[in-house]
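Colleague: I have a new model open and I'd like to learn how to read it. Could you walk me through a few features?

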Amino acid sequence: MVTFFNANEVVELAMRIEQKGQAFYLLAADEATDPGAKEFFDFFATEESKHEMFFRDMRDRLGNIEIPPGSDYEEYTQYVMALVDSHDVFNFDYTAAFQDEEFTFEDAVRAAMRFEKDTILLFTELKRMVPEAERKIVEACIDEERGHLRMLAEKLKD
């Protein structure tokens with residue numbers, strides 16, 4: 001198998017995603033005028049912080065990552081980099097959004113849903129690249145992100 005990235009680089013990316021998500025949720029909580037909305041976003045900020053710690057611990061255990069079987073190195077690299085480049089958490093100017101008076105709680109929840117969906121997709125690819133022993137940890141994070149997405153969707157219904 002061809003070595004893809006240093007595992008620490010990929011896990012660092014996962015940590016950055018969680019840090020950016022936490023920053024978004026903290027800002028959303030700070031901007032929330034409704035106590036329930038503040039509590040809602042604070043919960044998600046705490047969750048993102050926990051995920052960052054999972055990945056920090058993983059980073060300390062990993063070596064090299066290999067591309068999934070049957071994948072072409074160059075094409076797979078382009079694919080993963082396209083996922084990273086299109087991830088809302090890196091490209092959405094949430095500070096400016098919250099300064100816009102027309103940016104509503106519902107808009108914040110929809111932005112959070114995009115972050116969570118993009119994160120699920122990226123972490124699904126990460127799971128394919130880490131050693132078998134680490135996949136359960138990544139899968140647990142994916143499951144939590146799925147749960148977050150469901151919670152956010154439910155909040156929109158309320």
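Modeller: Rings of Phe, Tyr and Trp (its six-membered ring) pair if their centres lie within 6.5 Å; planes under 30 degrees apart count as stacked, over 60 as edge-to-face and the rest as tilted. By that rule there are 9 aromatic pairs here. Take F24 and F115: the ring centres are 4.7 Å apart and the planes sit at 85°, so this pair is edge-to-face. F24 belongs to helix α1 (residues 7-31) and F115 to helix α6 (residues 105-129), so the pair links distant parts of the chain, 91 residues apart. Helices here are DSSP runs (H or I, at least four residues), numbered from the N terminus.

Before we go on, two notes on the source: this is a predicted model, where local features need pLDDT of at least 70 and side-chain atom pairs count only at pLDDT 80 or more, while totals for chains, interfaces and linings use all residues. Residues are numbered from 1 along each chain as its sequence is written, and side-chain values use heavy atoms, with hydrogens and water left out.

Colleague: Are F24 and F115 buried or exposed?

Modeller: Buried means under 20% relative accessible area, exposed over 50%, and partly exposed in between (1.4 Å probe, protein chains only). F24 has 0% relative accessibility, so F24 is buried. F115, at 3%, counts as buried too.

Now try Y25 and F41: their ring centres are 6.3 Å apart with planes at 25°, so that pair is stacked. Y25 lies in helix α1 and F41 in helix α2 (residues 35-59), so the pair ties together parts 16 residues apart in sequence. Y25 is buried at 1%, and F41 is buried at 2%.

Colleague: Which residues form the aromatic cluster?

Modeller: F24, Y25, F40, F41, F43, F44, F105 and F115 form one cluster. One of those rings also has a charge over it, meaning that NZ of Lys or CZ of Arg is within 6 Å of the ring centre and within 35 degrees of the ring normal. Here the charged end of K155 sits over the ring of F40, 5.1 Å from its centre.

Colleague: And how many salt bridges does the structure hold?

Modeller: A salt bridge is a side-chain nitrogen of Lys or Arg within 4 Å of a carboxyl oxygen of Asp or Glu. The structure holds 6 of them. In one, K50 meets E47, with the closest N and O atoms 3.1 Å apart. Those two are 3 residues apart in helix α2, so about one helical turn separates them. K50 is partly exposed at 42%, while E47 is buried at 10%.

Another bridge joins R146 and E139, 3.3 Å from N to O. R146 is partly exposed at 35%, and E139 is partly exposed at 21%. Both belong to a salt-bridge network of E139, D143 and R146.

Colleague: How far apart are the end C-alpha atoms of helix α7?

Modeller: The expected span of a helix is 1.5 Å times one less than its number of residues. Helix α7 (residues 132-157) has 26 residues, so it should span 38 Å; its end C-alpha atoms are 38 Å apart, which agrees. Buried residues in α7 include V138, C141, I142 and L149.
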